[in-house]
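Open the model in your viewer and keep the selection panel at hand. The stops below say what to select and what is there.

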Amino acid sequence: MKIIVTGGAGFIGSNFIYYELKNYSDEIICLDKLTYAGNLETLADAFKNPNFKFIRADISDRKAIYKIFADEKPDVVINFAAESHVDRSIEDPELFLRTNIIGTSVLLDACKKFGIKRFHQVSTDEVYGDLPLDRPDLFFTEQTNLHTSSPYSASKASADLLVQAYQRTYKIPATISRCSNNYGAYHFPEKLIPLMIINALHDKKLPVYGTGENVRDWLYVEDHCAAIDLIVRRGKIGEVYNIGGHNERKNLDVVKTILKILGKSEDLIEFVTDRKGHDKRYAIDPTKIKNELGWTPQTNFDDGIKKTVTWYLENRAWWEKIISGEYKDYYAKMYDNR
Ligand code: NAD
Ligand code: DAU
């Protein structure tokens with residue numbers, strides 16, 4: 001089987017490529033534009049595997065995508081490629097519409113034109129909006145209405161609607177997964193957990209938005225990869241699967257846990273101006289994927305966060321290179337005088 005993994009030079013896509021190369025002998029093609037978030041160094045070990053190949057391309061470039069499909073004739077396409085950071089979407093929505101919506105539509109058109117066995121859209125729990133902090137009994141199910149808050153989540157929800165429309169109208173054999181917040185190796189330093197680890201290691205202030213009461217439902221990235229693999233191989237065409245492991249934590253508690261693991265003082269915490277439109281709480285009900293596909297997460301948050309901190313300690317070269325480049329300007333723009 002030949003699988004195209006779009007966005008495979010980013011955080012989750014790269015972890016997925018390693019998961020597939022370890023467990024199967026399928027041919028894997030990573031198709032990635034290499035934006036600021038894409039990093040070929042992340043794939044250094046994958047390049048040693050003869051079943052792996054990399055192609056640089058933009059999913060919204062129709063001509064390039066059609067040529068790749070014509071040349072490679074993939075059986076399966078898994079779309080991880082996206083602009084993924086909510087804060088950047090608040091600053092510059094248009095790029096999110098181009099990659100996340102137009103890019104997905106181009107991939108769907110390519111699937112229609114060239115025929116594929118499976119298309120899987122990697123979506124997010126953010127398409128469901130947020131839940132109130134005082135209703136811990138509420139969870140997102142696959143029946144929860146789409147109700148988005150940021151340009152990022154609106155672009156991901158739009159892509160989901162397109163996937164469902166193509167599945168129904170053109171019988172594209174598609175599935176969608178909506179996962180909660182991931183963490184683990186190769187997570188880009190702009191996101192909460194790596195940002196806090198890296199700042200703490202430099203004894204820099206840890207910028208917690210608002211009061212730090214917002215809740216995220218954390219999933220170790222390898223558990224997400226295992227779930228996507230199951231959906232692609234055994235999931236039912238036309239279905240949506242929520243992915244999450246009931247690991248809800250307040251942001252402030254996540255930050256304090258990181259400081260504790262690193263032996264750093266809580267005085268480093270600094271409360272800063274809140275994110276605009278900040279979603280309060282995400283919480284996934286994973287009953288469907290558990291009952292239908294037998295998926296359950298293998299890593300709880302306490303173990304996963306220790307493994308993640310250790311990974312950042314042991315892979316300084318990977319993130320030091322990132323934070324010494326254009327990331328410096330990004331950080332100054334987003335956090336100086338916040
Ligand atoms: P990431 O930002 O780390 O990686 C995105 C990758 O996509 C990068 O390699 C980038 O170069 C590539 N890319 C961006 N625009 C492209 C384009 N136009 N054409 C081709 N490649 C392009 O993102 P991530 O955190 O790994 O997220 C991957 C997917 O999972 C996204 O679709 C995201 O919405 C979804 N998701 C993420 C999380 C999370 O917690 N990170 C949770 C649920 C769902
Ligand atoms: O839920 C899935 C989503 O999780 C994915 O779809 C997104 O691609 C991914 O980026 C992530 O979105 P979040 O906005 O939840 O992740 P982020 O790491 O940006 O922020 C997590 C929480 O931490 C959020 O409540 C905002 C807060 N935060 C974030 C940063 C970067 C801070 O308090 N300080 C910060 O500096």
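Predicted model: local features only at pLDDT ≥ 70, side-chain atom pairs only at ≥ 80, totals over all residues.

**Stop 1: ligand 1**

Select strand E5 together with ligand 1: E5 gives the largest share of the shell around this ligand, three residues. Residues are numbered from 1 along each chain as its sequence is written, chains are lettered from A and ligands numbered from 1 in the order written, and side-chain values use heavy atoms, without hydrogens and water.

Now show the whole shell. Around ligand 1 there are 28 residues, and Ile-12, Asp-32, Ser-84, Tyr-152 and Lys-156 come nearest. A residue is near when one of its heavy atoms lies within 4 Å. Colour the shell by class: 13 residues are nonpolar, 11 polar and four charged. Ala, Val, Leu, Ile, Met, Phe, Trp, Tyr, Cys and Pro count as nonpolar, Asp, Glu, Lys and Arg as charged, and the others, Gly among them, as polar.

Next, pick out the backbone. A polar backbone atom of Gly-10 is 2.9 Å from an oxygen atom of ligand 1. For Leu-34, a backbone N or O atom lies 3.5 Å from a ligand 1 oxygen. Val-122 also places a backbone N or O atom 3.5 Å from an oxygen of ligand 1. Polar contacts are N or O pairs within 3.5 Å; within protein, one atom must be able to donate a hydrogen and the other to accept it, and residues adjacent in sequence count only through side-chain atoms on both sides. On its own ligand 1 has 840 Å² of accessible area, and the protein covers 97% of it. Areas come from the Shrake-Rupley method with a 1.4 Å probe; for residues, only the protein chains shown count as cover. Helix H1 (11-23), E5 and H5 each give two or more residues to the shell.

**Stop 2: Ser-123**

Stay on E5 (residues 118-124) and select Ser-123. Is Ser-123 buried or exposed? Its relative accessibility is 5%, so Ser-123 counts as buried. Buried means under 20% relative accessible area, exposed over 50%, and partly exposed in between (1.4 Å probe, protein chains only). The Ser-123 side chain makes a polar contact of 2.8 Å with the side chain of Asp-160.

**Stop 3: ligand 2**

Move to ligand 2. Its surroundings comprise 24 residues, the closest being Thr-124, Asp-125, Tyr-152, Arg-275 and His-278. Which side chains place an N or O atom 2.6 Å from an oxygen of ligand 2? Tyr-152 does, and Arg-275 does. For Asn-181, the side-chain distance to a ligand 2 oxygen is 2.8 Å. Taken alone, ligand 2 exposes 690 Å², of which the protein buries 94%.

**Stop 4: aromatic pairs**

Select Tyr-36 and Phe-188. They form an edge-to-face pair, 5.1 Å centre to centre with 85° between the planes. Rings of Phe, Tyr and Trp (its six-membered ring) pair with centres within 6.5 Å; planes under 30 degrees apart are stacked, over 60 edge-to-face, the rest tilted. Both residues are buried.

Then select Phe-96 and Tyr-152, another edge-to-face pair at 6.4 Å and 85°. Phe-96 lies in helix H4 (residues 93-114) and Tyr-152 in helix H5 (residues 151-170), 56 residues apart.

Definitions and conventions. Helix = DSSP H or I, 4+ residues; strand = E, 2+ residues; numbered from the N terminus.
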